[in-house]
Amino acid sequence: MDSATPGLAKEDIRRYLHGICEEAKDLMRAYDPQRMLDWTKTNIADGAAFQADIRIQKDGAHAGSVAVTLEKDDILQLGGLFGTLAGKNSIADYSLDIKIKDVISHGADAATVKVTWHEHIVFQMPSGAGQDNNGRVTVDVKADCCHLLLREDGRLGIGLTLCSGEARMLNSD
């Protein structure tokens, strides 16, 4: 790396990724599907691809695995679908945390970042006819990811992403 070209600062990366966590919490509390889509358009770089391999457990038993590769347009479509299906009052609790494990700078406008994400979401299921209580579904996702962060138009965005993780679902009354 040319010493005259400063690398993308680790503190900027840390602040950006922790900011993503706070923004996600705000978006889920406000439950505004259009804001979610706008956030995705702003924070995911054009041409970005996400590849994830997730093992799924349901009520403690292995339920399957999912391997997906998504591009930005796919993520925007899924975000719209989530917004349609979830409903404003269906999210009872939400948190998103990150642990940054390694940062490798690739100059002033790019860095590779290895992180562990932990997302916790509790869905409140609507009462069915004749039911007095609402069931809940708790989903905990822990994923180790490698992100390429890019600075475009003076703003950081998420580029190529590779993740491997586990999703645990638990049904409760």
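User: Which residues does glycine 159 touch, not counting residues up to four places away in sequence?

Analyst: This is a predicted model in which local features need pLDDT of at least 70 and side-chain atom pairs count only at pLDDT 80 or more, while totals for chains, interfaces and linings use all residues. Residues are numbered from 1 along each chain as its sequence is written, and side-chain values use heavy atoms, with hydrogens and water left out. Contact means heavy atoms within 4.5 Å. With residues up to four places away set aside, glycine 159 touches Ala45, Ala48, Ala49, Phe50, Leu148 and Leu150.

User: Is glycine 159 buried or exposed?

Analyst: Glycine 159 lies in strand β6. Buried means under 20% relative accessible area, exposed over 50%, and partly exposed in between, with a 1.4 Å probe and protein chains only. The relative accessible area of glycine 159 is 2%, so this residue is buried.

User: How far apart in space are glycine 159 and glycine 47, C-alpha to C-alpha?

Analyst: In sequence, 112 residues separate glycine 159 and glycine 47. In space, the C-alpha to C-alpha distance of glycine 159 and glycine 47 is 7.5 Å.

User: Among contacts in the chain between residues at least 6 apart in sequence, what percentage joins residues at least 24 apart?

Analyst: The chain has 173 residues, of which 36% are buried. For contacts between residues at least 6 apart in sequence, the share joining residues at least 24 apart is 62%.

User: Why does lysine 25 count as buried?

Analyst: Lysine 25 is in helix α1 (residues 10-30). Apart from residues up to four places away in sequence, lysine 25 touches Tyr94, Ser95, Leu96 and Asp97. Lysine 25 counts as buried because its relative accessibility is 14%.

User: What arc do the buried residues of α2 cover around the axis?

Analyst: The buried residues of α2 are Met36, Leu37, Trp39, Thr40 and Asn43. They are on the same side of α2, because the arc they cover around the axis is only 160 degrees. The arc is that of the directions from the helix axis to the C-beta atoms. For these α2 residues, the arc is 160 degrees.

User: How many bridges join β4 to β5?

Analyst: Two strands pair if DSSP finds at least two bridges between them. β3 and β4 run antiparallel and are joined by 13 bridges, with four residues between them in a hairpin whose turn holds glycine 107, at a positive phi of about 100 degrees. Of the 15 residues of β4, 12 are buried, so β4 is largely enclosed by the rest of the structure. β4 and β5 also run antiparallel, and the number of bridges joining them is 15.

User: Which cysteine does a disulfide join to cysteine 145?

Analyst: A disulfide is a pair of cysteine sulfur atoms within 2.5 Å, and a search of the whole structure finds one. With 115 degrees about the S-S bond, the link is right-handed; its cysteines lie 18 residues apart, in strands β5 and β6. At an S to S distance of 2.1 Å, the partner of cysteine 145 is cysteine 163.

User: How far from cysteine 146 is the nearest cysteine sulfur?

Analyst: Cysteine 146 is in no disulfide, and the nearest cysteine sulfur is that of cysteine 145. Cysteine 146 is partly exposed, with a relative accessible area of 25%. The distance to the sulfur of cysteine 145 is 8.7 Å.

Definitions and conventions. Helix = DSSP H or I, 4+ residues; strand = E, 2+ residues; numbered from the N terminus.
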